[in-house]
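Keep the viewer open and follow the topics in any order you like.

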Amino acid sequence: MGLGEALVGGHVEPDEFHLRKADASVLSSHIGDKLYRVAAEDGFSRLVETGARERAAPSLTEERLRELAALLLRIEQYYDAPQDVEWCHDGERFWIVQSRPVTAAPLTPARENPSIEWTRANAREVLPDLPSPQVLYALCDILNRAMRHYYGRLLASESELGPIMKPFYGRPYFNLSQFRHVCRMTGSDPASVMRAMGHEGRVKPEDEVARRPPLRDLLRVLPDVLRLGWMQLTVGRLVRRALSDVKEDMAYIGSHDPRAMTDQEIADFLQRWNEMAADRLGVIFVLAGVVIYETPLQKICKQVGFPYERLLHTHLATGEKSVSAQQGLDLLELANRARREDGARDYFLRSKDNFREFREGLRGSEFLKQFELFLDRYGHRGNYESDWSLPRYSEDPTPLLFAIRSHVQAPEITTPEAIIARQRREAREAWRDFEDKLSGWQRLRLRGRVRWLLKRVKRMYVWRELCRSEMMRPASAIRPWLLVMAERFVERGLILERDDYFYLTREEIAASLGQTDVAAQLRSIVAGRKAELETWRHLEMPLLMRESELPALLRRTALALSPVDGRELRGLCVSAGCVEGEVLVMRDASEFARMKRGAILVAPATDPSWTPLFTLASGVIVEVGGTLSHASTVAREYGLPALANLKDATKLLKDGDRVRLDATNGVVRLLHDNSHGGHRASPDQKSAKGIVSPANSR
């Protein structure tokens, strides 16, 4: 409870009271800091914080607490089920705003260990800022179960360090303290895991150090360490089994028509799917363990005195492509086909701002035939594809068509063959220069090991992207089942529109089947969730935090960002190289039509739906992402200089700003500020256009 607008806006820490049902006695209480609204001389009221010496009084007296407790118990007894009740007090009496059944954990759970560190870096990359409530609840449940199963005793108990994932103000956060604990138990350095996840800010020196656990702890977790080690040795078999599971799932889903199934049959299948999902994710966690091969490679490069990023990134760019990179190359080939075919070229040259009738406009063209084949292969992917409330490419291919149009309208276009040839040349040059650094003894001792490590890292990255993509196929195929249920709920008047279905949790949907009293409350639940999300949408949530610091962090985000003013911005190098160009800032898929060939793409994060833009960009900067992220993987395979973890990049940089992106050294420098008309040139400013490759940016 708290002070209305300030409370829901995150500007105030609420009061919390825990009462015993039997006698309404207060078991515990926490009185939060308060902001009071006062009138100012300019006629506007403002929120003012209490002084440090002034203790805020409780929002409710003991008498009113007892009155409220009695009222809440009456509501629970009336519905014969635990209730989530919204209420207010006007100074004289309590008013009940709404009551709904408690069928799932709250979006903002009760406070736990205040020292736990939480990060949303990896989650922000693969999910929208505010995922649909249905997806948020389900993913937190699935990932908590999956990681508990995978890590076993390597994780601390929830009573000690909390769950692996939980939401704050509608956003999912990963428990960084639990990952640090796993590193301690396995004797590895937390820094490698943090960089892979996309940790915000500088990594602390102590996180670079691998510490051995006490012998007693090591013996306790040894079975799990050996189990995970065996999974690394047999990862190829695990990948093949995962791909086989996807085929079986697709065969089952394809053999059933949800329109001919009852609500209960669909709900039962979705329940089984939810239970299986946690087991299926194990292979992704194994493949994320690629850091155990990258770390020794990094140490060898440091020992030899050769840039680790140049050796690894050029190697990852050549040879077999990941499915995400291949998607971009296949799209580039489609664009080249459209340029060669008169009808398709004319269509894209005259097309305006939408492609609603693209099949009619391209009817009979060879391009359309090839584009349909492209959708057969990649149509299960889409914008923030981990959120199944959002459409796939197969439903809405507009982002793909916008990217193709940008290529067709460009004065010149690169071919996939040219990109691949350049990558092979740069990889050969990097390996030759690495060998030149080796002494005779090092050649005998290290060269074979480095080749094996490079090959292993490459294979793990390719497998990881493949498994992530293939696991999206069943999730995409299940979406029509969900839409069938959603349309039935609309027809019965349980919800107002189809997408309202995704504001309901799986438990709420299951509870409503055959129970008219619960079903009657669904519209109220949806309305409440929409109001919550609309309030939370304006919160600038931190990427990294301690739970106890959250109220202060939310207040701090309201302060204006200082301008760049020619200073350097620093991020994590995820694909080496250097380029100068104009910035183009995009925040979501709705802006894809604005992409220009040769621009340096700046985004909060990217997922596979952004891949088409990488074939147009000359460099990439993302606010969120690690070495395992989509932006990193695809940028390396295209040979694009790329920085991740550049905090507030989409706010500090503006469309049209000319920058020098020196990804190799992790630096962005503003050369020309478009928003202010200023010009700031570095001493070594050049008029270079396009990519300065990793091979030439030593």
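How many salt bridges does a search of the whole structure find? The search finds 37, a salt bridge being a side-chain nitrogen of Lys or Arg within 4 Å of a carboxyl oxygen of Asp or Glu. This is a predicted model, in which local features need pLDDT of at least 70 and side-chain atom pairs count only at pLDDT 80 or more, while totals for chains, interfaces and linings use all residues. Residues are numbered from 1 along each chain as its sequence is written, and side-chain values use heavy atoms, with hydrogens and water left out. Helices (H or I, at least four residues) and strands (E, at least two) are DSSP runs, numbered from the N terminus. Buried means under 20% relative accessible area, exposed over 50%, and partly exposed in between (1.4 Å probe, protein chains only).

- Side chains of opposite charge can pair when their charged atoms come close.
- Asp-655 and Arg-594 form a salt bridge, with 2.2 Å between the closest N and O atoms. Asp-655 sits in the loop between helix 27 (649-652) and strand 17 (658-662), and Arg-594 in the loop between strand 13 (578-585) and strand 14 (600-603), so the pair ties together parts that are 61 residues apart in sequence. Asp-655 is partly exposed at 33% relative accessible area, and Arg-594 is partly exposed at 31%.
- Arg-381 and Glu-385 meet through their side chains at 2.8 Å, N to O, and both residues are buried.
- Glu-366 bridges to Lys-369 at 3.6 Å, N to O. The two are 3 residues apart in helix 17, which means a separation of about one helical turn. Glu-366 is partly exposed, with 30% relative accessibility.
- A network of salt bridges links Asp-141, Arg-145, Arg-506 and Glu-507.

- Helix 10 (residues 263-280) has 18 residues and should span 26 Å at 1.5 Å a residue; its end C-alpha atoms are 25 Å apart, which agrees. The expected span is 1.5 Å times one less than the number of residues.
- Among the buried residues of helix 10 are Ile-266, Phe-269, Leu-270 and Trp-273.
- Their cover includes helix 4 (133-151), helix 9 (235-254), helix 11 (282-288), helix 20 (440-491) and helix 21 (506-512), where contact means heavy atoms within 4.5 Å.

**Aromatic pairs**

- The whole structure holds 23 aromatic pairs. Rings of Phe, Tyr and Trp (its six-membered ring) pair if their centres lie within 6.5 Å; planes under 30 degrees apart count as stacked, over 60 as edge-to-face and the rest as tilted.
- Phe-269 and Trp-481 have ring centres 4.7 Å apart and planes at 35 degrees, so this pair is tilted. It links distant parts of the chain, with Phe-269 in helix 10 and Trp-481 in helix 20, 212 residues apart. Both residues are buried.
- Phe-348 and Phe-367 pair edge-to-face, at 5.3 Å centre to centre and 85 degrees between the planes. Phe-348 lies in helix 15 (residues 342-350) and Phe-367 in helix 17 (residues 366-378), so the pair ties together parts 19 residues apart in sequence.
- One aromatic cluster includes Phe-348, Phe-367, Phe-371 and Phe-402.

**Positive phi values**

- Tyr-169, in the loop between strand 8 (165-168) and strand 9 (171-175), has a positive phi near 50 degrees. Tyr-169 counts as buried at 15% relative accessibility.
- Tyr-384 has a positive phi of about 45 degrees although it is not a glycine. At 6% relative accessibility, Tyr-384 counts as buried.
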